[in-house]
There are 2 protein chains.
Amino acid sequence: MPRLYSYFRSSAAYRVRIALALKGLAYETVPVHLVKNGGQQHASGYRSANPQGLVPALQPAVGGPVLAQSLAIMEYLDEVHPQPALLPADALGRSRVRALAQMVACEIHPLNNLRVLQYLTQELGVSGAQKDAWYAHWVALGLQAVEDSLARSPDTGRFCHGDTPGLADCCLVPQVFNARRFNCALDAYPTITRIVAACEQLPAFQQAAPSAQPDAE
Amino acid sequence: MPRLYSYFRSSAAYRVRIALALKGLAYETVPVHLVKNGGQQHASGYRSANPQGLVPALQPAVGGPVLAQSLAIMEYLDEVHPQPALLPADALGRSRVRALAQMVACEIHPLNNLRVLQYLTQELGVSGAQKDAWYAHWVALGLQAVEDSLARSPDTGRFCHGDTPGLADCCLVPQVFNARRFNCALDAYPTITRIVAACEQLPAFQQAAPSAQPDAE
């Protein structure tokens, strides 16, 4: 059975949990606590499996290689377990879905994850209010770009691309979860909130939610 | 002929220029100056083509859709123009190469691009020295993870994966170019510097370099 190194609140791990659930793949969760003891992801045992010291990581088979980076893991799952597909069949559509996923994974999330917020407060001495403003700034900039891309495209359906959930939805839902947790206003993104509401009705998204994880606090 | 919206010094545009050159694809460069007049990427004309207001963007055919996000653009190029391939044929290898690319594109570059450095100085009032330390911190953390992943894998060859350049090399070379530009020490990354030196011997990488662009300053 595949092993997923995960932390219930990690946005990137949440993405992969959705992908696994959409494909109906059983897996074992190996919790890696990002805060306790200065962060278990930095421990040598975990680093020998994943030199990046980040979650998630997926070990498809016991004793086999450990895969890193949530987007790369989801692409792997889509190649090895093609149905249901996370990407459309046509190259332009695939590019659109990947770009939407990367608008979250390369433009919003990297600026707002735990280690960056820790650097801001611990190394740069910014105040709590400045940290919250930083967080809200990148969420607003990023989600506005996603909203504009979704709202003006005829390819947007019940989900980010057509009427079945895919790679972009796997990234968008955890990002919106984070935005809500940090009390970011979402009124300006009606297409995003409509799509996230549709996702949240599906069992796969419910099973992958932070509160449903074995390591949830 | 495809149109590439590019800025000579943009690391993400540099990745796509390498991919286009490796595949031998001719294209027209449309320069988008990221600094002049507060940034041409924010102008409404460009935003109507790419709502994200970021470079690069690729328009594969005149009048057709505009593709965003460098990794999505390179995957598109690899699907539509499969030879020479930017990704290996096996799912595990593809996942490894994508993860290496994302270790640059999702973990290092997003923290160090122009708009982030501008926020640090203009909104948070950090000093020049603090900004440089921030830059060097994320480069060191990120490149060390890439170095560890490359150094311990038998899949690493003359390039990041085997003996032909691919998606990971397209991301690594621009990141190292940036690190050098900001005087980050690279002594701790012998595998990375060896691979980058091998890449820089190839005409495709030379043609894609910032100094070789029509908008170079």
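User: Where does Asn183(A) lie?
Analyst: Asn183(A) sits in the loop between helix H8 (167-181) and helix H9 (190-200) of chain A. Helices here are DSSP runs of H or I with at least four residues, strands are runs of E with at least two, and both are numbered from the N terminus. This is a predicted model, in which local features need pLDDT of at least 70, side-chain atom pairs count only at pLDDT 80 or more, and totals for chains, interfaces and linings use all residues. Residues are numbered from 1 along each chain as its sequence is written, chains are lettered from A and ligands numbered from 1 in the order in which they are written, and side-chain values use heavy atoms, with hydrogens and water left out.

User: What is phi of Asn183(A)?
Analyst: Phi is near 60° for Asn183(A), a positive value in a residue other than glycine. Most residues other than glycine have a negative phi.

User: Is Asn183(A) buried or exposed?
Analyst: Asn183(A) is exposed, at a relative accessible area of 71%. The cut-offs are under 20% relative accessible area for buried, over 50% for exposed, and partly exposed in between (1.4 Å probe, protein chains only).

User: And Gln69(A), which loop is that in?
Analyst: Gln69(A) is in the loop between strand S4 (67-68) and H3 of chain A. Gln69(A) also has a positive phi, about 70°, although it is not a glycine. Gln69(A) counts as buried because its relative accessibility is 8%.

User: Which residues does a cis peptide bond join in chain A?
Analyst: Gln83(A) and Pro84(A), with omega about -10°. Pro84(A) is in the loop between H3 and H4 of chain A. In chain B, a cis peptide bond joins Gln83(B) and Pro84(B), again with omega about -10°.

User: What does His109(A) contact, leaving aside neighbours within four places in sequence?
Analyst: Ser11(A), Ala12(A), Arg15(A), Val104(A), Gln175(A) and Asn178(A). His109(A) belongs to helix H5 (residues 109-112) of chain A, and it counts as buried at 15% relative accessibility.

User: OK, the sheet in chain B. What's the strand order?
Analyst: S2-S1-S3-S4, an open sheet of four strands with mixed pairing. Strands pair if DSSP finds at least two bridges between them. The edge strands of chain B are S2 (28-31) and S4 (67-68), each pairing on one side only.

User: How do S3 and S4 of chain B run?
Analyst: Antiparallel, with two bridges joining strand S3 (residues 57-59) to S4(B). Leu58(B) has Leu67(B) as its bridge partner in S4(B).

Notes: Contact = heavy atoms within 4.5 Å.
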